[in-house]
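Open the structure in your viewer and keep the selection tool at hand. The tour moves from one selection to the next.

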Amino acid sequence: MEYFIQQSINGLTLGSIYGLIAIGYTMVYGIIGMINFAHGDVFMLGAFMAMIVFLALTTFIGGVPVVLALLLMMLVAMLLTGLWSWTIERLAYRPLRGSFRLAPLITAIGMSIALSNFVQVTQGPRNKPIPPLVNGGVTIYGTGITIAYKQMVIVIVTAILLAAFWYLVNRTTLGRAQRSCEQDRKMAALLGIDVDKTISMTFVMGAMLAAVAGTLYLMFYGVISFTDGFTPGVKAFTAAVLGGIGSLPGAVVGGLLIGLIEALWSAYFSIDYKDVAAFSILAIVLIFLPSGILGRPEVEKV
Amino acid sequence: MVSEVRNNPSPVLRVEHLSMKFGGLVAINDLNFEAKRGAITALIGPNGAGKTTVFNCITGFYKPTEGMLTMTRQNGEEYLLERMADFVITKKAKVARTFQNIRLFSGLTVLENLLVAQHNPLMLSSGYTILGLLGFPTYKKAAADAIEKARFWLQKINLVERADDPAGDLPYGAQRRLEIARAMCTDPELLCLDEPAAGLNARESAELNQLLLSIREETGTSIILIEHDMSVVMEISDHVIVLEYGTKISDGTPETVKNDPKVIAAYLGVEDEEVVELIEHAAATGSDDITAAVDLLSTEAIQEITETQAEVPVAAKAKTAAKPAAPAIKAGATANALAAPREGESDDLTLIKGIGPVNARRLNEHGIFHFDQIAAWKKADVTAAEAYLAFDGRIAREDWIGQAKKLAKESQGKPAAKKTGGAK
Amino acid sequence: MADIQSSGQDSVYAKAAKEAVFAGIIAFGLFFLVVGFRTDQNINNELVLVQRWGLLAIFVAVAAIGRFIFAAFITPSREQAKLAKSKAPAAAKVDRRSLKAAVSRFGLALLFIYPFVVILILALIQFAVTGQWSFQSGVQGSLKYVDNFGIQILIYVMLAWGLNIVVGLAGLLDLGYVAFYAVGAYSYALLSAHFGLSFWLLLPMAGIFAAMWGIVLGFPVLRLRGDYLAIVTLAFGEIIRLVLINWTVVTKGTFGISGIAKATLFGIPFTPGPTGFAAMFGLPNSGVYYKIFLYYLILFLALLTAWVTIRLRRMPIGRAWEALREDEIACRSLGINTTTTKLTAFATGAMFGGFAGSFFAARQGFVSPESFVFLESAIILAIVVLGGMGSLIGIAIAAAVMIGGTELLRELEFLKLIFGNDFTPELYRMLLFGLAMIVVMVWKPRGFVGNREPSAFLHERKMISSEFTKEGHG
Amino acid sequence: MSETQTLPKTGALLSVENVETYYGNIRALSGVSVHADAGEIVTLIGANGAGKSTLMMTIFGMPRARKGRVVFAGQDITQLPTHEIARLRIAQSPEGRRIFPRMTVQENLQMGASLDNLEFYDEDVRKVFDLFPRLKERINQRGGTLSGGEQQMLAIGRALMARPRLLLLDEPSLGLAPLIIKHIFEAIKELNKSTGLTVFLVEQNAFGALKLADRGYVMVNGIVTMSGSSKDLLANPEVRAAYLEGGRH
């Protein structure tokens, strides 16, 4: 039982990161019906930015309190990753809006390839290790279950962000504009909503969450490389689809589920096949629930 | 063959206790009706009455919540449509359909659209592709036959010339016809048409009626059609079923349906008491047609408007309303109007750029049939014509008179040319 | 945009300058961290920052100047061209069909003589440089060109043509196509290693295995629509790769399987020994013959794919695929079983992937999961879309441009003379590939050849403009 | 066609001049001119597919007119982005209602309110609820779960939240019971009388629409074939014949 709980905690930590990235996929999909393949690489870019900010802090300022460092890393990464995402949308996706549906998918794949190779070219192909930021953890009294502080940071930051995000989407004008564009873009425009701007903001918000996920990922694993966009990206995408693409709570649920499946499968069966398990469960869920767990069933209009 | 079908009034389709619910919404509620073999059955009703949902149940796109749909083929085989997958219904039970918002394969050519419809027999003759791939002659012959069949239907719908153009490039009316021809290429015994006349102009509507009648005559196919619009239906259908809010409110011959107070109420958006009044009025005036009721209603409405505008005595207003006094429409407004076209044949006025079929027909109604008539128009005539066509300044701008002069000269010069021009 | 006409040149430049400044600021924000700093490892394996302000300045300047040129010159001229185009009467139509026929005939002829042309050209160059006529040196030198360009491009042409059946004709988005390529490659590698079966026997078997996998994977997922189908195909691609990595007992995992038997020319092996090809025809020993043989083999396989595709398009099944892409509901209303139709498309596409896979194994003599990553699926899909879905010629052109172009970058060693010895053009290969994908797509969203050729005609075969064709929902 | 178009009628709040609109290659409107003066109710009647809804959407630039122009309150809005047209306080209750299905009634109404000026919000909501008390009962229900009539009321209410100078209504009677239609039409009339709201009404239900409107246009296949005062059109035998066939000729 202890083992199970321990593994579940590990799974939830990982799942939180997936969930944060998955929100970016699901929001973009919800609003323009496009799979933003470059999102995983935007996440990787966010992690790189955080890493460079960290190095800049230690190089130019010296000892900075960990909390402050983490906050700064997150903020700068969010800001600049948001800017990247804004630019990507503006250059590679917007010109293709309303045309052929596969075209933006291809530019997204192209963007994904270009981004990861851009980082490789400018930052070099090797892994980038940083010294551990957050050490130690607590053992739950009377059990062997330990929770690392960095796990706590991840879960707490994710929870705070999700709450803030939920507020933004459900209680603010921007959020309302976004939801209206998601449900009926044409009608939203008829009501005076600047659809282009709203879509841009969606990309920026998704990228900001991915940047936070990147920072947390960097903090957790202590290393990042230019190829690290793909696997978490695909996992997060899987999470978004599993939860029901287009649904925000679905993305979080899907992320946590994928994290749990991975952790538990590695614990009880085989660590080698953890990804196979995640993908297989995705396929099985979709066969029985063709729109994911919390997705809206697609009504075929005749 | 056809007469045999006529004399045999067995139902081709029986719909019993059909209900369809979407969540809490009841789209169809305990619907019962029969479509007779070889007959044209019309399903009418206001928008949102559930007509298309009935079609979707018949053709298997929706599984009804309750009820039974029985299709009886000519060879006596019976099929329970509610239990069959959509494509099997077309393949085995021989029910074909068209769609309200035309669903052609817009990137395939007109011909290819008709070939796709012959998929199942062609699949067989190509030995499920394998024999065809190896170049067996059976497939070659079948493919040639399929093209011949397509050509037959293209001739029927008057689209042979455009066989090699993409279906998406056809004008709206032609797309509607093509969709019917495509459905016919599946050799159906029951053809379900969803608003086939929507968006067609008068001439196209008339052609469509001819096409449907000839389909019934020549192939013995039974037809069920959804129409929004009663007048089209009245011309060709043998049997009419009226739906409102998913419930059948009337069922019978066009004549009986037409005068059913419930139907009138559903279409005019008036309440039942008013309808009773209308019926009584109709009976009093001796008119058995719904138009009498309409006349009464509109006269009342005009009165109402006039009263709200006040000042002018009511009686006088009612009088103006009684005669068609729209300044826009004045029959014989131009000086040289004719009672009928000379030699019974009018020129094709649409050859004048800017007139178009609608205006040509309206001009005909006002006694203008020939190019030389337009060519002879004076300024006053132009003003009058513009008034009733609601075209301020267009006649002069587009130089109809100049065009008409030229065309009149041409048609006089070589009478043979007129024929070809008219045929276009 | 509309006010360009009225507001004159000055304001165009002013506007462009404003946009250039804006672009510069954006570029500064984008590149400030990732270009302005470089992270390097020091002797203790710790990361240190290297500052590169000069490079950052170049990036910002390029963005600003580029934007200025675009806003000041390119956009207005494009607007004008558009205006002129809409005003001018429809220009005389080029007879696209005869042009296309000419291109395809010429292309085919070139493909057949390509190895010899290469040999001849190289020999001539040799002759020009050294004054010695040495046919043999041409033969030796041609190895690289036949292999890296000829065979490499043709593999992608074949794969893209295979995927085209699924994506271009049936309109089903398959993001895991490389899985079938892997099935083909491993079928050949394993069966030839364990049972010693010959290439010619295993080639069709690999295709059949891949097709079977196509059906097995396709059956449960084909009722999914659109992007759900896309992600599940991606997942299956990944599952197969992961199984190949982890099922070490059979696949040897990431080490891969090496020493795979080569293909033979109907029993004649390409070995240096006395029974080998070279000895048999009295030629000096060389690896080139095998490459040339492989070149013709893949050319044959690719043309087989094209031939089958062309034939199938005129069969009911091919037409049903295209109809499915246009409108699935209408298909069902015409009595077409859309599930089996989709499955056949999936299986046929997979089969050609399998053929290509077994060829790949025979060519490399080595297979490992590394060759079957998602990126490969993405590249193949990109070629299909860039070429113009459904168009065989367009796809071939796209493969030649994209694959040939990136291969060409390997050849740019001379750039080292300019940028110094640290410069490795190969590093930029995939970066440029990705950027090219974006640029081409934004420039031509319908791909190089968007027109569709009808499968049957009554009077004359007219090309169908891409504005009418749809792309399917899946 | 010639460049010298007819001048807009003086005092017209909205004037659509010789507009041509295409969907792809298919021409949906071929030279349509209509106008609405401030304070009037104008109706456009015609059959399914005649192009009525296309005209409504063309006013908003979706799709954009290829020829002709749209002028609102003296300003040429033909090329203006859709959301900026909406911000000129032209509101539309479009074809098919287009309620946001996963937003509550209240949120739907909020969407209608001008985003940057919420000072009248409470007052406007109250007015809408006065007009359609049913909506008040359903305030926290999601749009998608409302009945057809309620959705129609919500669509009109949402349009009114923008404090429109011009209200475009596309088939408000579609699929509704006669009693509800009557109610909605009365509400429109009432608004027009009390606030001088200009209304442009598209209807298939020619009879009801003409009864309500001051003037009317008849549209057939993308062309306006008749126009005149409601009274005249009601008296016209062709229009009368069209009652039962939705204006087809």
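The expected span of a helix is 1.5 Å times one less than its number of residues. Helices (H or I, at least four residues) and strands (E, at least two) are DSSP runs, numbered from the N terminus.

This is a predicted model, where local features need pLDDT of at least 70, side-chain atom pairs count only at pLDDT 80 or more, and totals for chains, interfaces and linings use all residues. Residues are numbered from 1 along each chain as its sequence is written, chains are lettered from A and ligands numbered from 1 in the order in which they are written, and side-chain values use heavy atoms, with hydrogens and water left out.

**Stop 1: helix 17 of chain C**

Select residues 429-443 of chain C. The 15 residues of helix 17 should span 21 Å, and the end C-alpha atoms are 21 Å apart, which agrees. Now colour the buried residues (under 20% relative accessible area; exposed is over 50%, partly exposed in between; 1.4 Å probe, protein chains only). Among them are R429(C), F433(C), M437(C) and M441(C). What do the buried residues of helix 17 of chain C pack against? Their partners are helix 3 (66-93) and helix 4 (102-123) of chain A, together with helix 14 and helix 15 (392-410) of chain C.

**Stop 2: where chain C meets chain A**

Show both chains. The contact (heavy atoms within 4.5 Å) takes 66 residues from chain C and 72 residues from chain A. The size of an interface is often given as the accessible area lost when the parts come together. Here the buried area (accessible area lost by two parts on being put together, summed over both, 1.4 Å probe) is about 6,100 Å², and carbon and sulfur atoms give 74% of that. The rule finds ten residue pairs in polar contact across this interface, both residues at pLDDT 80 or more. A polar contact is a pair of N or O atoms within 3.5 Å; within protein, one must be able to donate a hydrogen and the other to accept it, and residues adjacent in sequence count only if both atoms are side-chain atoms.

Which helix of chain C gives the largest share of the side that touches chain A? Helix 7 of chain C does, with 13 residues.

**Stop 3: salt bridges**

A salt bridge is a side-chain nitrogen of Lys or Arg within 4 Å of a carboxyl oxygen of Asp or Glu.

Select R179(A) and E107(D). Their side chains meet in a salt bridge at 2.8 Å, N to O. R179(A) lies in helix 6 of chain A and E107(D) in helix 3 of chain D, so the pair joins two chains. R179(A) is buried at 11%, and E107(D) is buried at 14%.

Next, pick E17(D) and R69(D), with closest N and O atoms 3.0 Å apart. E17(D) is in strand 1 and R69(D) in strand 4 of chain D, so the pair ties together parts 52 residues apart in sequence. E17(D) is buried at 5%, while R69(D) is partly exposed at 33%.

Then find the network of salt bridges that links E112(B), R313(C), E322(C), R325(C), E326(C) and R452(C).

**Last stop: L212(D)**

L212(D) lies in helix 8 (residues 206-212) of chain D. Is L212(D) buried or exposed? L212(D) counts as buried, at 6% relative accessibility. Leaving aside neighbours within four places in sequence, L212(D) is in contact with I41(D), F185(D), I188(D), K189(D) and L201(D).
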